[in-house]
Amino acid sequence: MSDWNLFVHEEISKCTDCEVCTDVCCTYYATNNRLFSPLARLQMVKKLLNGESLKQEEIRSIYLCTECGRCEQVCPFDIKISDVIADSKKILVQKGLGPLPKHDVIINGILEKRNAVNGDPKKRLDWIPEKYRSSEKFEETPSETLLYLGCLPSYLVKESAAATYELLKEAGVDFMVLKDEFCCGIYPYNAGKLEIAREIFLENIEKFKKLGVKRIIVPCAGCYRCFSKYYPDLLGKTDFEVFHIIQILNDLLKSEKITLRNNRHSFTFHDSCRLGRKAGFYNEPREILEEMGIEIEELTENRENAYCCGSGSGVRSIDKELSLNIGLKILEESKQNTIIATCPFCIFNLRYIAYKTNSDKKLVHISNLVFENLAKYD
Ligand code: SF4
Ligand code: SF4
């Protein structure tokens, strides 16, 4: 029995069917259908382990878990529900029952275009600020620090890539960017396609090693989770450390490498699941906002209980409507017009929801807010 099969067995055996997890699950909340509850998913995984067949709608339900981890916060037995569901996708693939056809379409797109969002590779560098276009020499000016932008910032939330890059430049951080950046591979990993994920991870790791990369900075919560958790889980210890830009900004502020103007506005802050619950970064973004004098309007459910934006783990790619119905709650509950987030995927999905529902809510990446409020730099 593989390690993850054993882990899944052990975790499932702790469940007493108490259903405490049901009410906090974002997919259950959005559908009011028990098929989309954590308990139902655990029962499906149990059937899978016992060799019983699963209906197509059950397999779909497993793939529609955003792996947000909200259910784990309330389980009285600390069952790692989202990890069990994540591992069950690997079992589904092993048994030839997963992923869903749409996953394969996206994965083929990643292998062909080297990004997960069907972006035209020729346009990947369009985000580079005009001011730095001619001086940016990519790998020709090597550095141990790599700013890895990721697919969403490179193609769909470009201003977050530009601001992150410019902030680091203005703060005098020595770093490089890659001319040809391959997707981090989180999508096939989340779909349970470990062999494809391994292929992508290895190509990236080889490149990082060749370039002498010791430190990777990312503006994306998904890339952060992938490099810091999935790479070592699949390939063992890596030679680099991973930082989300909020950690770097925090350090730059504390060491006074950058200082910020007083902003005096009130903004809502949204905790992304992969930086919050999955990595414990609750204070870092709040400290940055407070440093600017911003009054943080907390959502009713925040920090470890934060509500999911609905897009993670490939869910948006297979059911956009479900992602919309999940994330809508964040827009509806935000009293402020502007919502600050640390993950470009949350931003992209919440912007789409705002557009679809004629909401005037604005989504801003924390790098953009900091960049706009830079007062001075050494
Ligand atoms: S991880 Fe999130 S979406 Fe998945 S079962 Fe738990 S609460 Fe529901
Ligand atoms: S809260 Fe925990 S023990 Fe209760 S049904 Fe959910 S997973 Fe099982």
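By class, 11 nonpolar, 1 polar and 2 charged residues make up the shell around ligand 2. Here Ala, Val, Leu, Ile, Met, Phe, Trp, Tyr, Cys and Pro count as nonpolar, Asp, Glu, Lys and Arg as charged, and the others, Gly among them, as polar. Keep in mind that this is a predicted model, where local features need pLDDT of at least 70, side-chain atom pairs count only at pLDDT 80 or more, and totals for chains, interfaces and linings use all residues. Residues are numbered from 1 along each chain as its sequence is written, chains are lettered from A and ligands numbered from 1 in the order in which they are written, and side-chain values use heavy atoms, with hydrogens and water left out.

**The ligands.** Ligand 2 has 14 residues around it, and Cys15, Cys18, Glu19, Cys21 and Cys75 come nearest (a residue is near if one of its heavy atoms lies within 4 Å). Glu19 is in the loop between α1 (3-13) and α2 (26-31); helices are DSSP runs (H or I, at least four residues), numbered from the N terminus.

Gly98 and Pro99 are joined by a cis peptide bond, with omega at about -5°. Pro99 belongs to the loop between α6 and α7 (101-113).

**Helix packing.** Two pairs are worth a look, with axes as lines fitted to C-alpha atoms over the stretch in contact, and angles running from 0 to 180 degrees between N-to-C directions.

| Helix pair | Crossing angle | Axis distance |
|---|---|---|
| α11 (194-211) and α12 (221-235) | roughly 110° | within 10 Å |
| α16 (320-333) and α17 (344-356) | about 90° | 9 Å |

So α11 and α12 are roughly perpendicular to each other, a label for angles of 65 to 115 degrees. Among the α11 residues in this contact (heavy atoms within 4.5 Å) are Phe201, Ile205 and Phe208, while α12 brings residues including Phe227, Tyr230 and Tyr231. By class, that contact has 13 nonpolar, 1 polar and 1 charged residues.

The axes of α16 and α17 are therefore roughly perpendicular too. Leu324, Leu328 and Leu331 are among the α16 residues that meet α17, whose side includes Leu350, Tyr352 and Ile353. By class, the contact of α16 with α17 has 8 nonpolar, 3 polar and 2 charged residues.

Methods:
Helices (H or I, at least four residues) and strands (E, at least two) are DSSP runs, numbered from the N terminus. Angles under 35 degrees count as roughly parallel, over 145 as roughly antiparallel, 65 to 115 as roughly perpendicular and the rest as oblique.
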